[in-house]
Amino acid sequence: MLAVPALAQVRPGDVITPDNANKVKDLVSPGVFYKVEQGMQMKIVPSDRVDWPPPYKDATEKYSAQVRLSPDGRTVENYVAGQPFPFLDPNDPKVATKIIWNNVFRPLQTDDYDLRYFSCENVRSGRNAPYRVIDEIDVGHYAGYNEIGRTEVDPMPIDPDFKKTGRYWLFGLYPIMSPEGMRGAGFLRYRYADPKKSDDIWSWNTGSRRLRRLDEGLMSDAVTGAGLPSEGGGNIVVFDPDHYSGFNAKVEEYNYRFLGAKNMLGVVHAVHSPEVTCMTDGGGSACPENWETRRMYVVEASPRHVNASQTLQARTVLYIDSEVWFPLYEDAYDRQGQLWQNHIYWLTYRDRPVPDARIAIYPFKRSFVVGAAATDVQSGMSAMCYLPSRNTPEKECWYINMGAVDRTFFDPDAMVRAAP
């Protein structure tokens, strides 16, 4: 897809601040507009395209023709690798569901990934608010392993384990490095192809020395200051596991509505890695950063309240980039219909995650998430995450499709053994 032209309301070179925020009111989501009004600055730059990794493109050409939605229109059948639905018809009554499945099997990380050392800071954001960190977490590994859709690392395209377990992917976040009171804690999650099977989820708490199974309903809740699902109390931030790496809930547990395709502003060629703290909004975002015009699919996701009966958000509106296939931002609404949470993701596109990388260097450009912010617009509390951390001892940070982790990393016993 070709890069889209700049919009009439803004031009390359413009710097958007609260004083001229109305210039972008119709070019971003309500939640992002709120962030600009609260001090987040944007630098408008020319648009540039983002290409898929060649192995992902080849897999799409090879396998996409055989992919179908199930008879109930909720899940995919015959998927192997690549993008499941490369040709979209806006008049197709199932186009929203197809867009969401394209987001699930996105080109960003098809095989495995290991982000080493990232951090999130909780702040009270606002226009010219002082930068004061209320709570901070540092995590050793943010990692995932896909058992299906693999394009770059053996076993390809499907791990034989998939036939035995039916797992689409495995996710791990451990060990927590700080705060000290939760040092060594962790979190694991398995997603299954069976549309009726809920995720398996474990957490390890170093204080109680207990490995616990968690209910999937907790995944839409905020997380504690240790990065684990909250069950009440603790220092709360507003990133919930269903919004790690964009919209991450189980697809079949939601209904989807296509709201259209629109030229909007987003960040896919960020210039900073690690990201910079926005000093004009109290540290609640990354700014100034390069924003450009992007073609986005706008999809509303509403929980079905069958398996997702505990979901806190009444609906979430996703703004999914049509080249990167990642939601550049999302707005979640509460059960009274009021805007509640905004999530923004800053991405870059190059052949290495950081300029001084020595190992994580790729033969082609690929996308990396370098920053993420979650804001409770009703309270002003924000969590700004730096991927990698600004103080990381690991300079490479993002290892994508390099075999940096295998299935053994996602075993609950491995998580327990990693704790001090």
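Biologist: Is phenylalanine 171 buried or exposed?

Modeller: This is a predicted model, in which local features need pLDDT of at least 70, side-chain atom pairs count only at pLDDT 80 or more, and totals for chains, interfaces and linings use all residues. Residues are numbered from 1 along each chain as its sequence is written, and side-chain values use heavy atoms, leaving out hydrogens and water. Buried means under 20% relative accessible area, exposed over 50% and partly exposed in between, with a 1.4 Å probe and protein chains only. Phenylalanine 171 has a relative accessible area of 5%, so the residue is buried. Tyrosine 142, at 7%, also counts as buried.

Biologist: How many aromatic pairs are there?

Modeller: A pair of aromatic rings is described by the distance of the centres and the angle of the planes. Rings of Phe, Tyr and Trp (its six-membered ring) pair if their centres lie within 6.5 Å; planes under 30 degrees apart are stacked, over 60 edge-to-face and the rest tilted. The count is 24 aromatic pairs. Tyrosine 142 and phenylalanine 171 are edge-to-face, because their centres are 5.0 Å apart and their planes at 75°.

Biologist: Which residues are linked into a cluster by ring pairs?

Modeller: The cluster consists of Tyr113, Phe118, Tyr142, Phe171, Phe187, Tyr244 and Trp398.

Biologist: Which ring lies under the charged end of arginine 315?

Modeller: A charge sits over a ring if NZ of Lys or CZ of Arg is within 6 Å of the ring centre and within 35 degrees of the ring normal. Arginine 315 sits over the ring of tyrosine 333, with its charged end 4.0 Å from the centre. For lysine 197, the ring is that of tyrosine 192, at 4.5 Å.
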